[in-house]
Amino acid sequence: MLRLGVIGYGYWGPNVVRNFRGHHDCQVVTVCDKSPSALTRVMAAHPGIGVTTNPDAVLVAADIDAVAIVTPVSYHYELAKKALENGKHVFVEKPFTATSAEAEDLIEIADRRGLQIMVDHTFLFTGAVRKIKQLIDEGTLGRLYYYDSTRVNLGLFQHDVNVLWDLAPHDLSIMDYLIGTEPELVVATGGAHVNNLENIAYLTVYFPDNVLAHINVNWLSPVKMRTTLVGGQKRMLVWNDLDLAEKLRVYDKGADITNQTGMHAALVSYRTGDMHAPKIEEAEALKVESRYFLDCIMNKIRPINDGVAGLRVVRILEAAEQSLNQHREIVLA
């Protein structure tokens, strides 16, 4: 039985508590939040769980093995560091940390003490992303060409981070998982129209072998859209996360070069074939992810969404912010 403490019971915290409580070998011991009304909601929804406004009641408690940190990013480093230093595994909300230096420090502490860090990149555990990964690994799409995502809606405006740090980690973690190579160059543009934080941004990430990723995030869209295109040499796919019937569609479409002699040295031929909508798992992603966290701890398996994966996302976010502020491309070492 793994004993878990949770810090933060705002927007996402209730989902974290509910899913971890749903596993037979996990006991949620204590929930911490600075808001008394949040703790009242905990006691109403989960009688028997301890509540506190003091993070140390979770971070240094002898009866807690792991800590889930579900707070704004500015608190992640301080809370995670204290948890690790007190011998506790850490499950931390995205983005992992506010800086890459903070992420590197947490990774070093965890490695030295033999502890697990899992960053809550929830979308990696959706049926759609798992199916896309399977199609890529099996070679169904062929050599990858691009990843293009639109993640827009009206609000929710954040007060501590801009739209890149709020929404882009979802797609950056998915992109990192699917493409599987380190990016070379980042370019970001955007603007702040409501407050001093960018509410709309366009991020382009360049990878080796001419693989291109583009991410559009926006808090000022009149409609909500969650659409991703992944293009390969053989096939292309569309993932519409708001489509309840066919979230994923794979198209046998593409373009090929036919070499010729004379004036037209390269002729483009187009291929149009069938479309099919593969069956995907319907399980709640956070349920799958929380189960995976418990298994990684018990079996000493390094998670796919470990601290290093979280660090890769933070590095791109830092480069994107630098590009945004300096109006230039940023080369990643």
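**Helix packing, cysteines and a strand lysine**

The buried residues of helix α4 are covered by elements that include β1 (2–7), α3 (56–59), β4 (66–69), β5 (89–93), α5 (100–113) and β6 (117–120). This is a predicted model, in which local features need pLDDT of at least 70, side-chain atom pairs count only at pLDDT 80 or more, and totals for chains, interfaces and linings use all residues. Residues are numbered from 1 along each chain as its sequence is written, and side-chain values use heavy atoms, with hydrogens and water left out. Helices (H or I, at least four residues) and strands (E, at least two) are DSSP runs, numbered from the N terminus.

Helix α4 itself spans residues 76–85, and its buried residues are H76, Y77, L79, A80, A83 and L84. Here buried means under 20% relative accessible area, exposed over 50%, and partly exposed in between (1.4 Å probe, protein chains only). After α4 comes G87, with a positive phi near 75°.

Two packed helices are described by the angle between their axes and the distance between the axes. For α6 (residues 127–137) and α7 (residues 163–179), the axes come within 9 Å and cross at roughly 25°, which means that α6 is roughly parallel to α7. Axes are lines fitted to C-alpha atoms, for helices over the stretch in contact, and angles run from 0 to 180 degrees between N-to-C directions; angles under 35 degrees count as roughly parallel, over 145 as roughly antiparallel, 65 to 115 as roughly perpendicular and the rest as oblique. On the α6 side, the contact (heavy atoms within 4.5 Å) is made by V129, I132, K133 and I136, and on the α7 side by I174, Y177 and L178. Of these contact residues, six are nonpolar, none is polar and one is charged, with Ala, Val, Leu, Ile, Met, Phe, Trp, Tyr, Cys and Pro counted as nonpolar, Asp, Glu, Lys and Arg as charged, and the others, Gly among them, as polar.

Turning to the cysteines, the structure holds zero disulfides (pairs of cysteine sulfur atoms within 2.5 Å). For C26, the nearest cysteine sulfur is that of C296, 14 Å away. C26 is buried, at a relative accessible area of 6%. The sulfur of C32 lies 17 Å from the closest cysteine sulfur, in C26, too far for a bond. C32 is also buried, at 3%.

Finally, K224 lies in strand β11 (residues 220–232). K224 touches V152, N153 and L242, leaving aside residues up to four places away in sequence. K224 and G155 are 69 residues apart in sequence and 9.7 Å apart in space, C-alpha to C-alpha.
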